[in-house]
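Hello,

Here is the structure you will be working with. Please open it first, then read my notes below.

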Amino acid sequence: MQNQQLGASLRGRLRNTDLPVSKCLYPLFEAVVNAIYAIDDRVNSDKAFAISEGMIRVSLNRAANSDLFGGKAEILSIMIEDNGIGFNDENYDSFCELDTMYHASKGCKGIGRLLWLKSFSSVEIDSCYMDNEGEKKSRHFSFTPSGIMTLPNVDVENRDVGTKVILRGISNAYKAAISKLGQETIAKSLFEHCLWFFLRDGSSPDIRIIDGTDPATNLNEIYDSYLYSDQSNSTNFTIGEATFNVLHIRLQRSESNNLISYCAGNRIVKDEKIKNIAGLYDSALEASDGSFYYKCFVTSPYFDEHVSPDRFAFLIPEQRENENQTEVIEQVYFADVRDYVLNQVKDFLNPYLEDNKSAGRERLTQFVDEKAPYYKPLLTSLGEDEKVINPKANDKSIDSYLHTKLVEKEHKLIEEGHDVLKMRTGETDEEFNLRVEKYFDNAQQLKQTDLARYVLHRKYILQLLEEALQPDKDGNYSREEKVHEIIMPMRSTSDDAKFNDNNLWIIDERLVFHHYLASDKTFKSMEVTDCESGRRPDVLLENIYDNPLFVTEKTNPPYATLRIIEFKRPMRDNIEAEDSTKNPIDQCIDYVIKIRNGKSVTKNGRPITISNDIPAYCYIICDLTSSMQAVCDKHDLRRTYDGLGYFGYKTQLQIYFEVISFDQLLNSANERNAAFFNRLGLSHN
């Protein structure tokens with residue numbers, strides 16, 4: 001039976017070959033790597049030829065004029081010349097076979113030339129080589145999506161062995177991306193992509209980039225300026241049966257800072273920024289011989305075998321889908337490789353990171369001490385490396401970092417809390433008690449952070465209120481609206497004012513917990529009063545209690561309490577004691593009577609059947625000017641022990657009054673808040 005060979009469609013393969021615009025230089029990289037291998041092959045076959053004699057020249061051929069905006073002129077073609085072994089019969093046969101196994105031992109996939117035709121319309125190849133008889137010959141052909149076409153051979157009599165590859169006609173998809181790159185940028189990109197060849201035993205051939213009449217850029221000079229002489233330091237690790245090598249190098253400068261490069265077939269496949277190493281940031285490290293950037297190359301036969309055909313990715317799963325799954329064949333996961341590499345990186349860099357770590361911890365501690373003391377409880381729960389931040393980080397990024405850590409700790413605490421009281425298999429009573437005690441210690445620390453943040457917020461509000469009570473440069477005091485807005489937003493109710501939007505705790509902590517709240521609204525607009533009055537109290541609060549478990553022998557229980565707050569302008573001294581419409585005590589009495597005469601209902605429409613017996617609490621916030629003191633004396637209110645306020649009770653009306661001066665308001669609120677600071681072990685200042 002005769003075997004039928006499977007054919008291959010070049011156009012079909014090109015259609016299925018991917019080349020992102022971000023990798024527009026990869027066709028050039030492939031051509032240069034092929035040239036390096038051609039020189040390697042010549043060194044191996046010709047004992048008289050040394051790697052130091054190897055040469056590769058990359059010439060950029062641009063249009064005569066720059067673009068309309070004065071940028072780089074359009075690149076028309078790129079020529080890559082080398083003095084390698086040339087396109088002998090073996091190399092040519094390999095070129096004609098897609099997915100060839102030729103040079104497979106070097107990690108070659110046999111599809112690099114497909115990338116040429118993804119971004120260029122045609123490729124011309126002109127090569128001079130020595131045949132097996134030692135005779136010099138030439139091979140000249142073109143490579144297009146239609147296939148390979150033979151071109152007239154060039155006389156070889158005065159030619160050196162080597163190859164020219166000319167990439168012509170950049171496709172529109174890549175033209176702008178490639179053309180805007182200058183000689184230096186292309187040289188540095190090529191250098192970093194091919195850095196492995198400069199580090200290997202035997203070094204690299206002389207590679208230069210030529211762009212018009214500018215002096216050529218020598219990649220060996222870039223190498224000398226980039227790397228320290230003691231760069232070579234190699235370590236190994238094993239996962240299952242796969243062995244990985246990590247080559248650590250120190251760069252004097254780099255276009256991309258502190259990278260891990262995962263390689264296959266002597267090419268970089270995947271670059272990753274190094275993250276989560278305490279003391280290592282996106283900047284240079286300091287050493288006794290100067291500052292440096294770090295980079296490492298990770299290589300392995302396993303990578304060579306599990307790289308995608310286009311070498312843009314590894315065919316290795318990122319991580320296990322289920323940590324508890326059982327695997328018949330041990331699988332290598334990329335996340336595991338990364339973890340091993342990062343451990344190797346930490347060990348190598350540790351001597352250079354101590355100063356950064358110390359400075360980072362000091363910066364974090366300074367920020368917490370001076371700007372965010374509410375994070376102190378969190379700080380005690382962080383590990384030493386978790387306390388390391390970039391010493392140059394701004395306050396915003398540090399705050400964001402600490403908030404993220406707080407969320408992580410709280411999330412972990414919630415997870416642990418579900419089973420914390422369950423005895424674990426084989427756990428002793430002592431172990432159980434220690435674990436539970438540790439859990440509640442951690443919970444208390446995190447909750448202290450929340451409390452400290454709230455207490456500090458209250459301190460800022462009190463400072464804002466104190467400033468609002470000060471006269472301006474002309475000696476004028478703020479209108480009551482300014483004070484009103486700080487304590488409670490005006491023209492709002494509990495339906496449209498969030499809990500945190502009010503600061504009623506400044507007056508009385510009990511005011512924070514309310515059923516209904518209205519600020520600077522007419523009685524007519526308040527759904528709980530059913531009152532037609534157009535008068536407007538500053539703040540009205542109503543607490544409604546409806547508990548089906550409540551038992552009492554009284555026929556008229558106190559179903560509700562009314563609290564009314566009235567603000568007066570700081571230092572106002574024109575209050576008229578004899579005019580009930582112009583003094584705050586009589587105004588509050590009038591408000592209460594109007595509410596009691598209305599058909600009060602709860603916010604949800606439930607009737608309050610004994611609204612006339614609802615006790616009322618009225619708070620008047622003002623300065624104790626002489627006219628205000630006269631009003632208090634008229635209503636027989638008693639002075640407080642500190643002389644900063646008045647209080648009293650109207651028995652017939654069932655109204656309790658507190659007249660609180662702004663000084664007393666601030667003193668009392670500050671004292672209560674300072675007690676929280678003391679309890680948390682924080683400085684009130």
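Start with two strands. Strand β11 (residues 259–264) and strand β13 (residues 293–299) run parallel and are joined by four bridges. In this pairing, Ile260 stands opposite Cys296 of β13. Strands (E, at least two residues) and helices (H or I, at least four) are DSSP runs, numbered from the N terminus. Two strands pair if DSSP finds at least two bridges between them.

A caution on the source: this is a predicted model, where local features need pLDDT of at least 70 and side-chain atom pairs count only at pLDDT 80 or more, while totals for chains, interfaces and linings use all residues. Residues are numbered from 1 along each chain as its sequence is written, and side-chain values use heavy atoms, with hydrogens and water left out.

Now the sheet. Five strands form an open, mixed sheet in the order β9-β10-β13-β11-β12. β9 (233–239) and β12 (267–273) are at the edges with a single partner strand each, so one side of each has no neighbour in the sheet. From one strand to the next, the twist averages 25°. Angles run from 0 to 180 degrees between N-to-C directions, and axes are lines fitted to C-alpha atoms, for helices over the stretch in contact.

Next, two helices. The axes of α2 (residues 26–45) and α4 (residues 112–119) come within 8 Å and cross at roughly 145°. Tyr26 and Pro27 are among the α2 residues that meet α4, where the partners include Leu115 and Trp116. Contact means heavy atoms within 4.5 Å.

Overall, the protein has 17 helices and 21 strands.

Best wishes
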